[in-house]
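The stops below go from the whole chain to single residues.

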Amino acid sequence: MAPKPAQLWCFYVAMALGFIGIAIADSPYRFFDWNVTYGDIYPLGVRQQGILINGQFPGPEIYAVTNDNLYINVHNSLPEPFLLSWNGVQQRKNSYQDGVYGTTCPILPGKNFTYRIQVKDQIGTYFYFPSLAFHKAAGGFGSIRVLSRPLIPVPFPEPAADYTLLIGDWYTANHSILKIILDGGHRLPNPNGIVINGRGPLATTFTVEKGKTYRFRITNVGLQHSLNFRVQDHEMTLVEVEGTHTMQNTYSSLDVHVGQSYSVLITANQPSRDFYIAVSTRFASKILNSTAILHYSDSTTSVSGPIPGGPTNEIDWSLNQARSVRTNLTASGPRPNPQGSYHYGLINISRTIKLESSAALVDRKQRYAVNSVSFIPADTPLKLADYFNIDGVFRIGSIPDFPSGKKTYLDTSVMGADYRAFIEIVFQNHENIVQSWHLDGYSFWVVGMDGGVWTPASREQYNLRDAVSRCTTQVYPRSWTAIYVSLDNVGMWNIRSEFWARQYLGQQFYLRVYTPVKSLRDEYNVPDNALLCGKAAGRSTATP
């Protein structure tokens with residue numbers, strides 16, 4: 001009987017490791033072999049079709065150390081194309097690996113593709129998710145934790161354990177039904193509940209020992225709702241946000257917006273019993289709740305009584321908390337530009353971009369837009385069209401730098417930008433919802449946020465000293481958020497709403513960071529194993 005692809009992969013890896021020797025523990029390479037399938041899952045007690053990775057929901061957790069190379073061989077055993085994207089992993093000089101349709105051809109049914117990812121100059125808490133169709137509503141997501149290299153000091157003592165919580169709103173309807181609703185030009189109904197690590201209320205337990213301190217990595221992998229996280233009778237010390245060590249402020253609860261990740265320390269300093277871990281929706285007409293259990297190892301008392309309440313619609317409360325999240329300037333950490341080489345607050349802005357979100361009907365179907373442009377995918381990944389100089393796939397400048405006031409229209413929107421430019425991006429929200437925006441390939445400084453309409457005078461309230469650096473930021477209702485970005489990573493990078501139905505219906509575009517100098521110092525060549533599709537099919541990936 002012929003060996004299966006997964007068996008061959010493991011054989012080749014074993015052979016490679018044999019040559020490397022027993023010192024693999026010190027090797028910068030980590031190998032993963034994943035099979036993606038459908039399977040029955042019961043997140044809210046109802047059987048539904050979920051996306052499993054190696055039979056797991058959520059998928060396997062990725063452990064890595066700064067600068068590790070990750071080889072992730074993904075076998076697509078679904079009956080439709082599939083891709084994984086790596087939220088927060090910067091893919092430096094290598095946007096081909098980003099795993100969104102603007103950069104990477106889908107893995108066809110029965111085929112496989114090996115992502116080659118380096119977590120260059122990064123630490124922190126991130127996640128991966130399926131980026132095509134509406135697969136994210138079926139699972140297929142998992143956590144990524146990137147640890148500091150052994151000799152790099154971390155600004156807090158080693159915790160007794162390191163726990164992951166993937167929280168998010170959830171639909172009991174099949175993801176394909178949700179996709180049909182969206183494709184028909186309709187809005188989705190409200191989600192049915194909240195899951196914690198893929199399970200419903202009181203289905204997940206975290207065991208702690210009295211007197212010890214634990215790290216909890218909290219990521220909102222949901223589809224639309226901001227969530228509030230809290231632990232009954234325990235305070236949390238914030239220590240990291242999406243790769244940035246933060247000032248160690250203490251909170252009784254924490255707002256986690258869609259696509260965001262936080263790390264907190266929690267000390268088991270209460271009488272020995274079980275406590276609620278509570279998660280609830282924020283800024284929603286209907287409050288959804290879920291719970292897990294913080295179990296003291298010597299506890300004989302189960303959780304009981306009401307779930308601890310949290311904030312609901314208080315925008316000012318959340319805004320003030322967001323402003324309090326700041327960078328720990330004394331902490332060591334990897335970064336492309338060593339600490340002290342420059343400071344973001346002292347650099348002149350070379351360009352301002354103002355992005356205004358909107359909702360409208362186009363041809364009597366619901367669409368969402370940025371600066372009046374609702375994104376539609378091309379037949380060829382934009383990055384491949386760019387690399388192979390294929391005409392007719394996209395047009396640079398197809399989305400303006402500022403709101404145009406035009407009616408919403410469809411286009412494959414790509415904005416050009418110069419390598420090494422230092423830019424200001426303002427997200428303007430005129431709607432009555434909290435929005436969440438993500439930029440692939442980068443971390444950015446969140447320098448300001450406030451209610452009303454942004455004007456140049458708003459810069460007077462910017463934090464130009466210790467703003468947090470992250471990859472996903474919230475924009476409050478009828479408010480604005482401003483970020484600074486140093487464009488030091490050449491590539492084709494997705495800017496998108498993390499409100500997933502809005503992203504699916506056009507609220508995204510691509511930022512093409514370009515240099516005319518063709519050098520491996522600035523950007524890698526297309527991978528030799530790259531999948532080729534559309535107008536790129538049949539091209540050669542051989543290095544010239």
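What follows is a list of selections, each with what is found there.

This is a predicted model, in which local features need pLDDT of at least 70 and side-chain atom pairs count only at pLDDT 80 or more, while totals for chains, interfaces and linings use all residues. Residues are numbered from 1 along each chain as its sequence is written, and side-chain values use heavy atoms, with hydrogens and water left out.

**Whole chain**

Along the principal axes, the C-alpha atoms fill a box of roughly 65 × 65 × 50 Å.

Switch to a colouring by accessibility: 57% of the 544 residues count as buried. Buried means under 20% relative accessible area, exposed over 50%, and partly exposed in between (1.4 Å probe, protein chains only). Then display contacts (heavy atoms within 4.5 Å). Of those between residues at least 6 apart in sequence, 78% join residues at least 24 apart.

**Disulfide**

Select Cys105 and Cys533, which form a disulfide with sulfur atoms 2.1 Å apart. Cys105 lies in the loop between β5 (84–87) and β6 (112–118) and Cys533 in the segment after β34 (508–514), so the pair ties together parts that are 428 residues apart in sequence. The torsion about the S-S bond is about -90 degrees, so the disulfide is left-handed. Both Cys105 and Cys533 are buried. Next select Cys471, which is also buried, at 1% relative accessibility.

**Backbone stops**

Go to Phe57 and Pro58, joined by a cis peptide bond with omega about -10 degrees. Pro58 sits in the loop between β2 (48–53) and β3 (62–65).

Which phi does Asp363 have? Phi of Asp363 is near 55 degrees, a positive value in a residue other than glycine. Asp363 belongs to the loop between β21 (351–362) and β22 (365–370) and is exposed, at 68% relative accessibility.

Finish at Ser372, in the loop between β22 and β23 (373–375). Ser372 is not a glycine, yet has a positive phi of about 75 degrees. With a relative accessible area of 10%, Ser372 is buried.

How values were computed. A disulfide is a pair of cysteine sulfur atoms within 2.5 Å. Helices (H or I, at least four residues) and strands (E, at least two) are DSSP runs, numbered from the N terminus.
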